[in-house]
Amino acid sequence: MIDEIEQCRDAALAAVRGADSVDVLEQALGEHLGKRGPLASLKARLGTLATVDEKKAMGQRLNEAMAAVGAAADERRMALAAGERAQLLESERMDLTEHQREPRRGHAHLVTEAWERLEDVFVGLGFKIAEGPEIETDWYNFEALNMPPSHPARSMWDTLFVDHGAPGSTVLRTHTSPVQARVMTTQEPPIYVVAPGRVFRNETADATHMPVFHQIEGLVVDRGISFADLAGTIEAFTRAFFGPGFTSRLRPSFFPFTEPSAEFDIRRPDGSWLELGGCGMVHPNVLAACGIDPEEWSGFAFGFGIDRMAKEYHGVDDLREMYSNDIRFIEQF
Ligand code: PHE
């Protein structure tokens, strides 16, 4: 019987050690150590042995054989599992340096693209580009724009203040309109400028708002400028930017720095409207605050969101997507 036990044990050990996957291993174990396996049937024969000592001795050998097979199986199982895990890792591996030999071509951010196209359109219409600082004084952001301290219209912009100078004297510009004042205080009319730039508001991000976004400001100051010039400029820009199927309309509105003021909407080819920005005739108080004689000169101004235009132009549903840096989103454009 000893020989039989050893034969069964060696056969089981060979099967276990030779298993090339965890599945094959478990199957071999079932066959060799299971209830209908050879070792089990030897165990059943213990009862037929003559003496108690013989039964004890054979029982012990059988237990040792089974323990040896169990230990070999544990060892093999660990080795196989480690190998299978390594294989899985290898197959799911993402090597971020792999594409280096053939780099994929990227493109500018959608807002940067819109910004540059807007500049091209307005330069084509005869405008120059102007710029101003993102950290602005209260005077340029509000006061020069006909909003003295504590003017109620200041609450139209949820302002972020910068801890610099006297409390409340320094802000993150809430719109690009302070660039109007910067241009008018440093340049003689006639003035034809657009000023694209980053602006900031204390707002929670949602599908159509971001706390940091971009506007483009337009300012014209010349002799005999009328509201018709404003409407015509907005219409010309709308068609140049979006295409001939689009038109614009003006709706009466209020801004402290323009009078009269309007909001302008873009009509899509399907007949729906998109609110884009504000505009109006530069208020005489603004011209005067910037050292320009309102009796001699008149002008118009407009301002609108670049991010919203890019969103509209590309049919994106949520502004936040444009800032997620998700390659699957970016690659669509
Ligand atoms: N600055 C205004 C805004 O951000 C828009 C505007 C610009 C309105 C110029 C009139 C003239 O809401």
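1. The largest pocket is lined by 31 residues, and R201, Q215, L276, G277 and G278 are the ones nearest its centre. A pocket here is found on a 1 Å grid over the protein atoms alone, as an open set of points with protein on both sides within 12 Å along at least five of seven lines; lining residues have an atom within 4 Å of a point. The structure is a predicted model, in which local features need pLDDT of at least 70 and side-chain atom pairs count only at pLDDT 80 or more, while totals for chains, interfaces and linings use all residues. Residues are numbered from 1 along each chain as its sequence is written, and side-chain values use heavy atoms, with hydrogens and water left out.

2. The volume of the largest pocket is about 660 Å³. A volume is the space filled by probe spheres set on the grid points, which are joined across faces, edges and corners. At least two lining residues come from each of strand 6 (212–222), strand 8 (258–267), strand 9 (273–282), strand 10 (298–305) and helix 10 (306–314). Helices (H or I, at least four residues) and strands (E, at least two) are DSSP runs numbered from the N terminus. By residue type, the lining has 12 nonpolar, 12 polar and seven charged residues. Ala, Val, Leu, Ile, Met, Phe, Trp, Tyr, Cys and Pro count as nonpolar, Asp, Glu, Lys and Arg as charged, and the others, Gly among them, as polar.

3. The structure contains 17 aromatic pairs. F122 and F302 form a stacked pair, because their ring centres are 5.5 Å apart and their planes meet at 25°. Rings of Phe, Tyr and Trp (its six-membered ring) pair if their centres lie within 6.5 Å; planes under 30 degrees apart count as stacked, over 60 as edge-to-face and the rest as tilted. Since F122 belongs to helix 5 (residues 110–124) and F302 to strand 10, the pair ties together parts 180 residues apart in sequence. Both F122 and F302 are buried, a term for under 20% relative accessible area, with exposed meaning over 50% and partly exposed in between (1.4 Å probe, protein chains only).

4. A further stacked aromatic pair is F237 with F304, at 5.0 Å centre to centre and 25° between the planes. This pair links distant parts of the chain, with F237 in helix 8 (residues 227–242) and F304 in strand 10, 67 residues apart. F237 and F304 are both buried. One aromatic cluster takes in F122, F127, Y192, F237, F241, F242, F246, F264, F300, F302, F304 and Y313.

5. Two arginines are placed over tryptophan rings. The charged end of R223 is 4.2 Å from the ring centre of W297 and sits over that ring. R249 lies over the face of W273, 3.8 Å from the ring centre. The criterion is NZ of Lys or CZ of Arg within 6 Å of the ring centre and within 35 degrees of the ring normal.

6. The protein is divided into domain 1 (2–92) and domain 2 (110–330), with bounds from an automatic or database domain assignment. Taken over C-alpha atoms, the centres of domain 1 and domain 2 are 81 Å apart.

7. Most residues other than glycine have a negative phi, and most peptide bonds are trans. P189 and P190 are joined by a cis peptide bond with omega about 0°; P190 is in the loop between helix 7 (178–186) and strand 5 (191–200). The bond from E259 to P260 is also cis, with omega near -5°, and P260 lies in strand 8.

8. S150 is not a glycine, yet has a positive phi of about 65°. S150 lies in the loop between helix 6 (138–141) and strand 3 (160–161) and counts as exposed because its relative accessibility is 68%. N325, likewise not a glycine, has a positive phi of about 60°. N325 is in the loop between helix 10 and helix 11 (327–330), and its 63% relative accessibility makes it exposed.

9. Two single residues complete the note. C279 lies in strand 9 and counts as buried, at 3% relative accessibility. W139 is in helix 6 and is partly exposed, with a relative accessible area of 31%. Between W139 and G278 there are 21 Å in space, C-alpha to C-alpha, and the two are 139 residues apart in sequence.

Technical notes
1 Å grid on protein atoms, 1.4 Å probe; cavity = no way out; pocket = protein on both sides within 12 Å on 5 of 7 lines; lining within 4 Å.
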